[in-house]
Amino acid sequence: MCVEGCLDPDPAPSAPGYFFPGTENTWGHCADGDLDADSDGLDDDCEYMLAYSFRPEISWVYFDNFNREPRWAAEWVDGDPAGRTVRLAYLLSYWLDIGDGGTSGTICGIAGSSACDGHLGDSEWIRLDVTYNPVTKHWYLSDAKYSAHTSHVEFNRNSNGWLYVSPASDGGGAGNARNYMEYPDGKIGGYPRSYAADGKKANYPTVEYCDGPGGLGGADECSFPRISARIEVFANANLGSRHSPFVNCVTTTRTDHPSFGAGVVECYWEEGVRFSGWYTNGAGQPTATGYSGILADQSIFGF
């Protein structure tokens with residue numbers, strides 16, 4: 001059903017980001033609170049529209065175990081609609097980290113080191129900030145952070161709206177290509193690509209950045225033959241907000257999970273809970289950082 005403005009043409013086709021026709025997709029509607037079941041000041045339909053439209057593409061090595069049950073969340077940056085910027089949390093919720101097998105050349109290849117061993121569960125994440133431009137009427141990717149083990153990759157934005165990781169030129173093009181965000185559909189400020197480290201799933205903007213100093217000083221690699229797909233974003237996978245959660249502690253939804261039916265839960269808002277990929281934690285199997293602390297961290301999400 002066509003609603004007001006749904007047939008309007010894109011007023012700025014060459015501008016960064018996407019034009020979503022229809023008045024319900026503007027900043028004003030997203031902030032009006034008409035439908036806000038999680039009480040965060042951001043319209044629930046707008047949350048899904050933005051999370052789905054900007055869902056990243058992940059590229060991973062063909063032999064990895066990439067089973068996952070991703071959840072997502074969306075809130076205004078600093079809780080303030082006046083900034084016109086929505087923060088999107090993609091919580092990848094992998095079943096397993098298979099480890100690098102001792103193939104990396106530096107950190108993970110050190111004899112006796114467990115730095116890159118496999119473990120149950122992997123709480124990697126991607127954070128995207130998308131901003132509404134009232135002149136172009138586009139929502140565009142204005143900032144990002146990619147998790148990389150216990151740290152993260154931070155981005156800057158050049159004068160043309162292209163995100164990059166330092167060092168990189170601030171010229172009109174991609175400059176040092178190994179440091180610039182890749183946009184799979186060719187639209188600057190659109191949905192991005194992440195390269196998951198071989199066997200380890202840390203997130204990097206390019207293969208060259210992963211294989212070079214950006215990837216733990218050369219310990220991570222993204223160079224084997226790869227598969228790619230966009231992150232799944234389902235309406236019922238919206239976490240809501242900390243004070244009004246839609247999803248908190250849940251069992252696996254996948255019937256092919258080895259622990260399906262065993263009652264193992266993972267909690268996204270519950271404090272002090274580690275993430276084990278819905279497996280019962282066994283001896284010698286370290287678990288990953290819990291998502292509640294990551295979501296609460298002001299330097300990452302601030303949810």
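This is a predicted model: local features need pLDDT of at least 70, side-chain atom pairs count only at pLDDT 80 or more; totals for chains, interfaces and linings use all residues.
A residue counts as buried when its relative accessible area is under 20%, as exposed when that area is over 50%, and as partly exposed in between. Cys210 has a relative accessible area of 0%, so Cys210 is buried. Cys222, with a relative accessible area of 1%, is buried as well.

These two cysteines form a disulfide, in which the sulfur atoms lie 2.2 Å apart. The torsion about their S-S bond is about 80°, and the disulfide is therefore right-handed. Because Cys210 belongs to helix α3 (residues 207–211) and Cys222 to the loop between α3 and β14 (226–230), the pair ties together parts that are 12 residues apart in sequence.

A search of the whole structure finds three disulfides. Another of them joins Cys249 and Cys267, whose sulfur atoms are 2.0 Å apart. This link is right-handed, with 115° about the S-S bond. It connects distant parts of the chain, since Cys249 is in strand β15 (residues 249–251) and Cys267 is in strand β16 (residues 265–267), 18 residues apart. Here the two partners fall into separate classes of accessibility: Cys249, at 38%, is partly exposed, whereas Cys267, at 10%, counts as buried.

The remaining pair to be described is Cys30 and Cys46, with sulfur atoms 1.9 Å apart. Their link is right-handed, with 80° about the S-S bond.

Helix α2 (residues 44–53) is mostly covered, as seven of its 10 residues are buried. Besides Cys46, the buried residues of α2 are Asp44, Glu47, Met49, Leu50, Ala51 and Ser53. At the start of this helix, a side-chain oxygen of Asp43 comes to within 2.9 Å of the backbone nitrogen of Asp45.

In soluble globular proteins, nonpolar side chains tend to be buried together. The largest nonpolar core of this model holds 50 residues, and Leu50, Phe54, Leu88 and Trp139 touch the most other members. Strand β8 (residues 138–148) supplies the largest share of this core, namely five residues. Apart from it lies another core, of 22 residues, including Leu120, Leu239, Trp269 and Ile300.

How values were computed: Residues are numbered from 1 along each chain as its sequence is written. Side-chain values use heavy atoms; hydrogens and water are left out. A nonpolar core is a set of buried Ala, Val, Leu, Ile, Met, Phe, Trp, Tyr and Cys residues joined through side-chain atoms within 4.5 Å. Buried means under 20% relative accessible area, exposed over 50%, partly exposed in between (1.4 Å probe, protein chains only). Helices (H or I, at least four residues) and strands (E, at least two) are DSSP runs, numbered from the N terminus. A polar contact is a pair of N or O atoms within 3.5 Å; within protein, one must be able to donate a hydrogen and the other to accept it, and residues adjacent in sequence count only if both atoms are side-chain atoms. A disulfide is a pair of cysteine sulfur atoms within 2.5 Å.
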